[in-house]
Structure formats: C-alpha cells, structure tokens
Amino acid sequence: TSTAPVSEGGEAAEVLHRVFGYDAFRGSQQEVVDHVIGGGDALVLMPTGGGKSLCYQIPALVRPGVGVVVSPLIALMQDQVDALRALGVRAGFLNSSQSLDERRLVEAEFLAGELDLLYLAPERLRVEATVRLLQRGKISLFAIDEAHCVAQWGHDFRPDYLALSALREYWPEVPRIALTATATAATHAEISSRLGLEGARHFVASFDRPNIQYRIAPKDEPRKQLLQLLRTEHPGEAGIVYCLSRASVDKIAAYLVDHGVEALPYHAGLDQRVRAENQSRFLREDGLVMVATIAFGMGIDKPDVRFVAHLDLPKSVEGYYQETGRAGRDGLPSTAWLAYGFQDVVQQRKMIETSEGDQAHRRRLAAHVDAMLALCETVECRRVQLLAYFGQKSDPCGNCDTCLTPPQSWDGTVAAQKFLSTVVRLQRERGQKFGATQITDILMGRKTAKVIQFDHDALSVFGVGADLTEAEWRSVARQLLAQRLIAVEGEYGTLVLTEDSGEVLGGRREVALRRDPEKAVRAAKAAKA
Ligand code: ADP
Ligand code: ZN
C-alpha cells in the first residue's frame, strides 16, 4: 500500500494549505510527513511548540485508513478533537471519561471508515476488545505521542506505554511514528528499543528555543522576587508559575491575587471542574497567570505564554526544559526564570530518600537532580549546558543570565574549610548537629539568642567567616550541598559531613564556587558604603 513519497509531496502540501491553512512546513515537518506517507517508521524529537502534531495528522489524512493516535493527555482529547473537527477533520477519541454510548458511536464511525484520526488513551490498548476493534478497521498509521512516557529511565514513565510494544507484532505493515519533546540520548535509545523502532528513521530537530531567556537566581524571598519579575517585565501578560506542592500552589496564587495579579491555581487536588475551568480560562483569556504543579501543561498549546517561573527546583533537566518550553511558542521574547536555594536541595534529596522503588531507581532520581543542580551552578552559558544535555553543541547564546551578567567563579576552598570545620567542631567538641543558619551565624560571629543559648560564641571558629556576607555564606552552603561536600540529615535539615568532606578539610581538594552576580554587585556596594 505504500506510495513513493515524491508523488505525495504535492498532496501533503495541499492538505497543509487547505485543511490547516498554513503556507509552508516548518523545520523537518516536510521530511517527516513524506517519510511516513511513504510507509516508513519514524522517531521524531522536536521541542515543545515545534509542530509535532502535523507530522502525523497530515500523513493520516493522506494515507487511506484511520490514523490512530496514542496519547496520555486524556483531559485534552476533547479539545484536540474539537479543534480538528472545526477544521473539517473527522476525528474522535476513546478513553475512560466517556459513557458507553459515546464509545459505541466512535467505534461504529471507526469501523465504517468515517474517521481520519482516532485518539486513544494508552490503557485502552491493554483491553483485548480494543485490539480486536482495531483489527477490524483499516489503520493508516499509529502515532505515539509523548513517547518518552515509555522510558523507565526518564522522568515521566507511564506503565501503560509498555503495552505499545505489541503494535509492531499486531500490525507489522502499519507505519508507526513516535514523537516527543524530551529526550536525552539515554531516553531516546530506550524509546527505540521499547517500541521496537530500531529500524525507524530518526528526525532530531534543534532543541534550541532562541527566544526564551533562561535565568536562574538564588532564592531570596522568592514571592517578592516573583512579584518583581511580573511587575517589571511581564505586567498583564500570561505566564505559568510552577511550584512543587499543592499547598504552595494555593499560597502563591492567593499571594499574587492579593497583590493585584490575576492568578489561578491548578493542581491535582482541586475539583475536576475547577481544574477544567481554570485551564480553559487560561487558554482563552488574555494575561492570566497560572500557578500550578507540574500536573499542568503537557499538551497545552497557548502561543503567547510570556514567562514560565519555577519557585522550586525541578526534579530533572528534562522536566525543566519541557516546562520552560511552554513559554514563547509564538517565537516572541519570553522568560524562563527559576529561583532556587539550599532548602530546595534538602527537599529534593529527602524526597528521593523516602521514595518508593529500589536502590537503582533512587540513584537515577539523584542523578537527575544533580544534573539540574549543575545547570543551576554553572558559570557557563545556560543554553550551551541545556543543549549539551540533549546532545547538541552550540555557542554561548547572549540571551541567558550567565551570558548577560557573567558570574565569576572563585576559589572557595578556604570558605569551604571554615564551613566544614564548624560542622566538625560542633559534632566533635559538643556532640551537636545544626543546620546551615546556625553555622552561618557562628561563622559570621553573630551573637544571636540561639548562639548564646548554646554557648557557640566560645567556639574557636566563632567569627572566622566575618569576611563574607550572609548571602555569600548561603551560597557557599548551597553549593557545598550541591557538590555533595556536605549532606543533610533528618527532618530539621541538620548538616553532616560526607565521604568527600575530608579531602577538603585536609587540603587535598580545591573547591570552585560560583559567585551569584546580583549578590556580587550588592556586596560590592555595601562594602563601599
Ligand atoms: P508540539 O506538539 O510540537 O508542541 P504543535 O503541533 O502543538 O507543537 O504546534 C505548535 C503550534 O505551531 C501550533 O499552534 C500549530 O498550529 C503551529 N504550527 C505547527 N506547524 C505549523 C506550520 N507549518 N506553520 C504554521 N504554524 C504551525
Ligand atoms: Zn547564554
């Protein structure tokens, strides 16, 4: 049934104009479309907003039969199908949200060949009856959207996706196209092998999103920092603010509303109706700020999101890139801003420690967080680092914080030694463990109530760190933690040494630290005053 792609080139372009109303294909769309129309399998890696949908929608319209799209985005299927129908495309979906009658209707349309596209939730394919239904109709292609969900090593694993390996066995002659916006080399390889796509042609678009300005700032009253960002750079503009927990989503949304920002909350703990309502308001109205957990955003296509802010450290670079990628799909200048601090590292490491799964799984999670931390603490171009993470080489971009205000690295060996030896002394001489705040107060020689209560001003290290500011000590502590030169223990976040601390204390290892640029400026000003 496969036709030479050359003769179909015209038809694909015709569908692009007539059905979708676009003038030209973007990037590698044309190549992918031609390849799939010709009956080939494809693995497509394209950044969010790159235009993945057309890569399977057009072949589905050109090839005879129904294009079956597997997607985990159940909540969006109705919207996607409505949008296609508005263009005159015969689309339908099958998922658990439907009544039996609705499902029967779609099944009948499918069997009668009255559909161009059928969207399916992956768990449907675990049901015998669905497989039998599909076998009775004519299928033009299988599209596997958000294909990274099949990767156990990735950050978004869905067990139902594993069943998709059967597609090749049941329908060896039907082309399959897997698509994702998030794939490191490892995830990429895993998608290939789990879906049996080793023979597929791989299309890897550039992951660069040049219109997004990446910025990562040390946390210092994050709510005020956020408000400042919104007021000075994005007043009245649409954006997404990501928080780790539902509780902080509610708090931040209320805070923004109190301060005159039109903000809505979104997390899995909210009533289904409220969630749907907030999502559709965000999509349809102008200038709303969505405060959300990462439950929000996958598949959301709003072109004019001007900023994505993270108030907590994302769990992986892949997740961070996918979330920030929701900004600026229209190609206009947009901001990706992240604030992170000591407590974020503590929280992430604690979550990993208490997470379910075996040792290997925890090591994997820890490696994801470490890569994220390396991105935060880099003195090099953020974009160069990000793209390198996805296996792509690039030059410094001129549009990220480290390019715009280059941070310096400084020799933090002595500072690290002072910090670590304070931890050691407390433990050896007093049998005590404390958190970063108390260590900082001791180093800076502050006679706080707690310092006096524990007689810490009598320690020989008391005041030996008066040469650095509090912000600088906070940065030292954060980076020591990120570099695993200290560790936190227990629920109070008390500090303990690690296997590597001894090398620093013994002078056998140097510690390079990043100087936070804004802080450096402020500290210099304070010194002059
Ligand atoms: P992805 O799934 O890769 O995130 P989409 O398929 O949702 O991206 O496309 C992102 C946006 O770009 C959509 O609004 C889509 O209509 C638009 N788009 C895609 N391809 C083209 C094209 N060739 N010309 C113009 N707009 C396009
Ligand atoms: Zn840069």
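Analyst: Gladly! Two strands pair if DSSP finds at least two bridges between them. In this predicted model, six strands form an open sheet with parallel pairing, in the order E8-E13-E12-E9-E11-E10.

User: What makes E8 and E10 the edge strands?

Analyst: Strand E8 (212–218) and strand E10 (263–266) each pair on one side only.

User: How do you know that E9 and E12 pair?

Analyst: The cut-off is at least two bridges. Strand E9 (residues 239–242) and strand E12 (residues 307–310) have four bridges in the parallel sense, so they count as paired. Within this pairing, isoleucine 240 has valine 308 of E12 as its bridge partner.

User: Which strand does histidine 310 have its bridge partner in?

Analyst: That partner is leucine 338, in E13. Strand E13 (residues 334–340) and E12 pair in the parallel sense over four bridges.

User: Why is the crossover from E12 to E13 called right-handed?

Analyst: The chain goes from E12 through helix H12 (residues 317–324) to E13, a right-handed β-α-β crossover. The name is used because, with the strands pointing away from the viewer, the path from the first strand over the helix to the second runs clockwise.

User: Which way do the residues of E12 point, and are they buried or exposed?

Analyst: Phe307 and Ala309 point one way, Val308 and His310 the other way, and all are buried. "Buried" here requires 20 or more other C-beta atoms within 10 Å of a residue's own.

Notes:
Residues are numbered from 1 along each chain as its sequence is written. Chains are lettered from A and ligands numbered from 1 in the order in which they are written. This is a predicted model: local features need pLDDT of at least 70, side-chain atom pairs count only at pLDDT 80 or more; totals for chains, interfaces and linings use all residues. Helices (H or I, at least four residues) and strands (E, at least two) are DSSP runs, numbered from the N terminus. A residue is buried if 20 or more other C-beta atoms lie within 10 Å of its own, exposed if 12 or fewer, and partly exposed in between; C-beta atoms are placed from the backbone.
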